Amino acid sequence: MSKHILITGGAGFIGSHVVRLFVNKYPDYKIVNLDALTYAGNLENLKDIEHAPNYIFEHANILEPDVLQEIFEQHDITDVIHLAAESHVDRSILSPMDFIYTNIVGTVNLLTAAKNYWKDELSKHRFHHVSTDEVYGTLGDTGFFTEETAYSPNSPYSASKASSDHFVRAYGETFHISFVVTNCSNNYGPNHFPEKLIPLFINNIINKKPLPVYGKGENTRDWLYVIDHARAIDLVFHEGRNGEHYNVGGFNEWKNIDLVKLLCKLMDEKLGREAGESEQLITYVKDRPGHDLRYAIDATKINKELGWKPSVTFEEGLSKTIDWYLQNEEWLKHVTSGEYQNYYTEQYSNR
Ligand code: NAD
Ligand code: DAU
């Protein structure tokens, strides 16, 4: 049977790569991209596939249950891949309620719409919830997050994602919705909104602006190229076992300060600047409150069960990412005008 997949948040960073992969790889599927086009959503991310015959865009908000119900009926939705979310930790510290509404209430609205539409055939359909490794809290200097690690979220963002994960599980247990959850580490790549570390620092290096490193830059993240995350979602959506979580990670840990120095070096080379020039922009600023020290994913389960592993090395991925931003300065200019400037002032002016 051909699938009619509702992908939420498809105009965002990761969502746009997932939509592109599914539209191109599965011409027999109908792909419905539902997105509210918040500051993070941008249809320019999908220009290359917007006229594909198996692609439809629905400008809608997951906070509107009646609209969701209509969309399920209109497109005869058979499956959901749910990415729509408020996704930035610093914004969750500035305005937690937006995260409670979109990430928790929005997810429950979507689960309810799926349950109502799929009725007594719930086991024939799949709800794939895209979550994060941040739900596990923080690691010390050693160890990894496995699928058995207890949830212990530390920021309003991660608490809202953890809550949404619990609701997905509860709808599975109580109403028998078939679900899978993927918990992924930090993504990077083209179309990443320049509020997050890598694209923000690329943009600031281009513009010779200070690079605000939180605390001492000792925090560690496990970086994965976004297309490898999209490949993992494809595999788990099609082949993952019902009711299971799969951790997805890059086997690629970097202390923030080491990553920032590498970025400076690569950008100096690509921009034809003197070696060491961009490093002078590094500025240590007040730490993020509740800043998780270290994330590191044990991706053994997805590797052993489904054969997934990253296909792009960090050197390759970072180089491609920088090239994309240098070739898409219009995109950068567009997304950093307007509301972005207010956010930037609020977030960084008193640090
Ligand atoms: P993003 O902020 O770039 O995109 C979010 C998208 O959701 C945007 O297109 C936005 O318009 C849309 N959206 C927001 N609120 C909405 C609403 N109420 N109704 C409909 N659409 C709405 O986020 P991202 O970085 O692409 O993350 C996508 C998902 O993956 C999120 O669920 C996030 O928690 C998860 N995740 C992200 C990372 C990462 O490193 N970025 C890692 C692991 C998991
Ligand atoms: O681990 C997965 C998560 O990764 C996702 O669930 C989130 O949606 C995504 O935003 C990301 O969260 P982080 O908080 O790890 O990403 P961010 O890019 O905001 O920060 C990465 C590290 O860099 C973190 O230790 C904070 C630090 N940082 C960040 C910014 C924006 C700075 O030092 N300075 C900055 O200006």
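Let's start with the sheet: 7 strands line up in the order β3-β2-β1-β4-β5-β6-β10, making an open sheet with parallel pairing. The two strands at the edges are β3 (55-59) and β10 (245-248), and each of them pairs on one side only. From one neighbour to the next, the strands of this sheet are turned by 20 degrees on average, ignoring direction. Keep in mind that what you're looking at is a predicted model.

Strand β6 (residues 179-184) runs parallel to β10, and 4 bridges join the two. As a general point, strands of a sheet pair through backbone hydrogen bonds, in either a parallel or an antiparallel fashion.

Next, ligand 1. Which residues come nearest to it? Out of the 28 residues around ligand 1, those are Ile14, Asp35, Ser87, Tyr157 and Lys161. Asp35 also makes a polar contact, with a polar atom of its side chain 2.5 Å from an oxygen atom of ligand 1. On its own, ligand 1 would expose 830 Å², and the protein buries 96% of that.

Where does the shell around ligand 1 come from? At least two residues each are supplied by α1 (13-25), β5 (126-132), α5 (156-175) and β7 (186-188). The largest share, 3 residues, belongs to β5, a strand that also has its place in the sheet between β4 and β6. By class, the shell around ligand 1 splits into 14 nonpolar, 12 polar and 2 charged residues.

On to ligand 2, which has 25 residues around it, with Asp133, Tyr157, Arg288, His291 and Tyr348 coming nearest. Tyr157 is on the nearest list for ligand 1 as well. Ser87, also on that ligand 1 list, places a backbone N or O atom 2.7 Å from an oxygen atom of ligand 2. Side chains contribute too: a polar atom of His291 lies 2.7 Å from a ligand 2 oxygen, and an N or O atom of the Tyr348 side chain is 2.6 Å from an oxygen of ligand 2. The protein covers 95% of the 690 Å² of accessible area that ligand 2 has by itself.

The elements giving two or more residues to the shell around ligand 2 are α3 (89-94), α6 (197-206) and β8 (211-214). Here β8 has the largest share, with 3 residues. This shell holds 10 nonpolar, 8 polar and 7 charged residues.

Definitions and conventions
Residues are numbered from 1 along each chain as its sequence is written. Chains are lettered from A and ligands numbered from 1 in the order in which they are written. This is a predicted model: local features need pLDDT of at least 70, side-chain atom pairs count only at pLDDT 80 or more; totals for chains, interfaces and linings use all residues. Side-chain values use heavy atoms; hydrogens and water are left out. A residue is near a molecule or strand if one of its heavy atoms lies within 4 Å of it. A polar contact is a pair of N or O atoms within 3.5 Å; within protein, one must be able to donate a hydrogen and the other to accept it, and residues adjacent in sequence count only if both atoms are side-chain atoms. Accessible areas come from the Shrake-Rupley method with a 1.4 Å probe; for residues, only the protein chains shown count as cover. Ala, Val, Leu, Ile, Met, Phe, Trp, Tyr, Cys and Pro count as nonpolar, Asp, Glu, Lys and Arg as charged, and the others, Gly among them, as polar. Two strands pair if DSSP finds at least two bridges between them. Axes are lines fitted to C-alpha atoms, for helices over the stretch in contact, and angles run from 0 to 180 degrees between N-to-C directions.
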